[in-house]
Amino acid sequence: MKSYTLYLFRHGLTKGNLNAQYIGHTDYPLSTFGIDELKKIRTAHHYPSVDAVFVSPLKRAMQSADIMFPDNNKVVIDNFIEYNFGEFEECTAEDLKDNEDFKAWLHGDIYARPPFGESNAEFAQRVCKAFEQVVNGCIATGTQTFAIVAHAGVLMTILSCYGLPEAPMAHWQMDAGYGFKLRITPSLWMQSNKLEVVDLAPQSAQTPNGE
C-alpha cells in the first residue's frame, strides 16, 4: 500500500523568541537574524520538494514557509495558530515568577489555563482536529508528500499525540527551521491514528536540542 511523507518544520526566530518571551497569537514577523538563519539552513541542507504546504496564519510561519518552499502555494490552516497565552502573552518566565496564576499554570494539568487564554486541553483539541483534517485530505486526494510549517507548541502536540515511537511533548523539541520527517501508512493511520517518525529534517540536520 502506498505511504505518504509528511515534514513538520518549526518557523524561524522572531524578536520574541530571542527575548525568551511567551509569544502565542501576537503576530511577530521573523527577525533579520531569523531570516538569515533560515537561508543558511536552506543553503546547507536543502528543504525537501513537496506537493503541498500547510501553514499557520501568523507572519512568522508564513514568512518561514516562503523561504523553505518558495515554489509552493501555501494553504493557511487557522487552527495551526500557536497557543493562546492570555495574560502571559509577551511576558518572560522572569516577569511572571511571582505570579500565582503562572505558578498554577506551570504545575497544572491538561485543563490548566492562563487567565484569558486557552487550556492545554482546548489547544490540543483544536490542533489535533485540524491535523487530522489535513492528513485525511491528503490521503483522499493522493497528495503523497506534504509539509506543515508552524509553531513549536503545535508541532510538539502533533508528535506527542500521533507519533511513533510514542513520547511526551518535551521529547519532540526542535530548533527553529528544523523538524521531523514522518511516514503515514494509510492502514496504520485508519486503524490507530498513528504515524511513524523516521528522521530529522532537513535530513542532514543534527539532533535538535530545542534550546
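Me: Is Glu196 buried, partly exposed or exposed, and at what relative accessibility?

Reply: Glu196 counts as partly exposed because its relative accessibility is 27%. Here buried means under 20% relative accessible area, exposed means over 50%, and partly exposed lies in between (1.4 Å probe, protein chains only). Bear in mind that this is a predicted model: local features need pLDDT of at least 70, side-chain atom pairs count only at pLDDT 80 or more, and totals for chains, interfaces and linings use all residues. Residues are numbered from 1 along each chain as its sequence is written, and side-chain values use heavy atoms, with hydrogens and water left out.

Me: Thanks! Which residue forms a salt bridge with Glu196?

Reply: First, the general idea: side chains of opposite charge can pair when their charged atoms come close. A salt bridge is a side-chain nitrogen of Lys or Arg within 4 Å of a carboxyl oxygen of Asp or Glu. For Glu196 the partner is Arg183, with the closest N and O atoms 3.4 Å apart. Glu196 lies in strand 7 (residues 195-201) and Arg183 in strand 6 (residues 179-184), so the pair ties together parts that are 13 residues apart in sequence. Strands (E, at least two residues) and helices (H or I, at least four) are DSSP runs, numbered from the N terminus. Arg183 is partly exposed, at 35% relative accessibility.

Me: How many salt bridges does the structure hold?

Reply: There are eight. Among them is Glu118 with Arg126, at 2.8 Å between the closest N and O atoms; both of these residues are buried. Another joins the side chains of Asp66 and Lys74 (3.2 Å, N to O), and Asp66 is partly exposed at 42%.
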